[in-house]
Amino acid sequence: MLVAGRPMRSLWPAPARDALHVIDQRRLPHELVAARLTGVAEAARAIREMWVRGAPLIGATAAYGLALQCRVDAGDAALQRAAAELGATRPTAVNLQWALGRMLARLLPLAPLARAEAAWVEADAIADADVAANAAIGRHGLAWLRTLRPRDGRRLNLLTHCNAGWLATVDWGTALAPVYAAQAAGLEVHVWVDETRPRNQGASLSAWELAQQRVPHTLVADNAGGHLMQRGRVDAVIVGCDRVAANGDVCNKIGTYLKALAARANGVPFMVAMPLSTLDLGLPDGAAVPIEERSAREVTHVHGRGPDGAVVEVQIAPDGCAAANPAFDVTPAALVDGLITERGIVAADGAALRRLGQSA
Ligand code: MRU
């Protein structure tokens, strides 16, 4: 996407193929800073500590992490160890395992000396395929948006949760790709952006990237969505996903399920943008998705920029307060009105997903 008028992806390999550059997303929206990752341990740390985040982006980062490993030792044992280290960073988004599996399947049959070159080519292919898939999701999503009639008679009001924009992918985004496609096509849209406590990906990332692209948007507290839908101020909800099970159950950022319930209760379409890399046909339903349990400190404390410009952490709960922090939830397939994929829009049901998986 364009940042200050210049095209930018969320990651880019160094021309010498000795490092991977990523945007350090912990610093947004206050600063746009790149980090240089030179080895598998740094790539794993960037994923674990959420310098990079979002299902497709952590998959692509892990792929480049294996390419970095090949520069040092491309033997079977070293590659397997590196894949295990990267794979253990975050449990929920299936794209991580998908990308690592694809890299190992490409590299292990090769002679170790041929692996370094092949690894960069494969990681580039994963990154480029992500961009192409998201662009296609944008086109299919736009065609669907064109079928909606704005309830306010003026512009389409969409609600999104977390960040499933270009920062969560290599480029374009998943849930926000149709928004960017709509803007490019001259279709008027406005986005309600859920703040997405506790990590605030909506406030710090979605609001930032929508502003960069000059898409009209309004930040709302997580609890505002139901009210907005009840008052007819939301035409559709569009979210991304971290893992979709074989029956169409959708795992996404915590709070997504409540939005889906409110959408169904108010007759608002609830759509999920899903690249095929996020489909896990090996999982029968959402009950078995491993849900990441994150630090209680993310709930008891918040980060923000103080009046002097410095980013500080402040405590918002009593000393010693117990807190729980499940990072994802599962929206049952029955609440999902459609999955926007790079192959078109499909129903969130087992038969449709099996057909899609077979054609992939
Ligand atoms: O914890 P995060 O920030 O990695 O969670 C990200 C999300 O839940 C996104 O909505 C999801 O990965 C879809 S990204 C296109």
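Predicted model: local features only at pLDDT ≥ 70, side-chain atom pairs only at ≥ 80, totals over all residues.
I count a residue as near a molecule if one of its heavy atoms lies within 4 Å of it. Residues are numbered from 1 along each chain as its sequence is written, and side-chain values use heavy atoms, without hydrogens or water.

**Ligand.** I looked up the shell and found 19 residues around the ligand, with Gly54, Arg90, Gln201, Asp242 and Lys253 the closest. For polar contacts (pairs of N or O atoms within 3.5 Å), I noted ligand oxygen atoms at 2.8 Å from a side-chain N or O atom of Arg90, at 2.9 Å from one of Arg53 and at 3.0 Å from a polar side-chain atom of Asn252. Taken alone, the ligand exposes 410 Å², of which the protein buries 99%, with areas from the Shrake-Rupley method and a 1.4 Å probe. Helix α2 (55-72) and β11 (250-253) are the elements that give two or more residues to the shell.

**Strand β17.** I then turned to β17 (residues 338-341), where Gly338 and Ile340 on one side and Leu339 and Thr341 on the other are all buried, meaning under 20% relative accessible area with a 1.4 Å probe and protein chains only. For pairing, which requires at least two DSSP bridges between two strands, I found β12 (residues 270-273) parallel to β17 over three bridges, with Val272 bridged to Leu339. Strand β18 (residues 344-346) runs antiparallel to β17, also over three bridges, and Thr341 stands opposite Gly344; two residues separate β17 from β18 in this hairpin.

Terms used
Buried < 20%, exposed > 50% of the residue type's maximum accessible area, 1.4 Å probe, protein only. Helix = DSSP H or I, 4+ residues; strand = E, 2+ residues; numbered from the N terminus. Polar contact = N/O pair within 3.5 Å; in protein donor to acceptor, adjacent residues only side chain to side chain.
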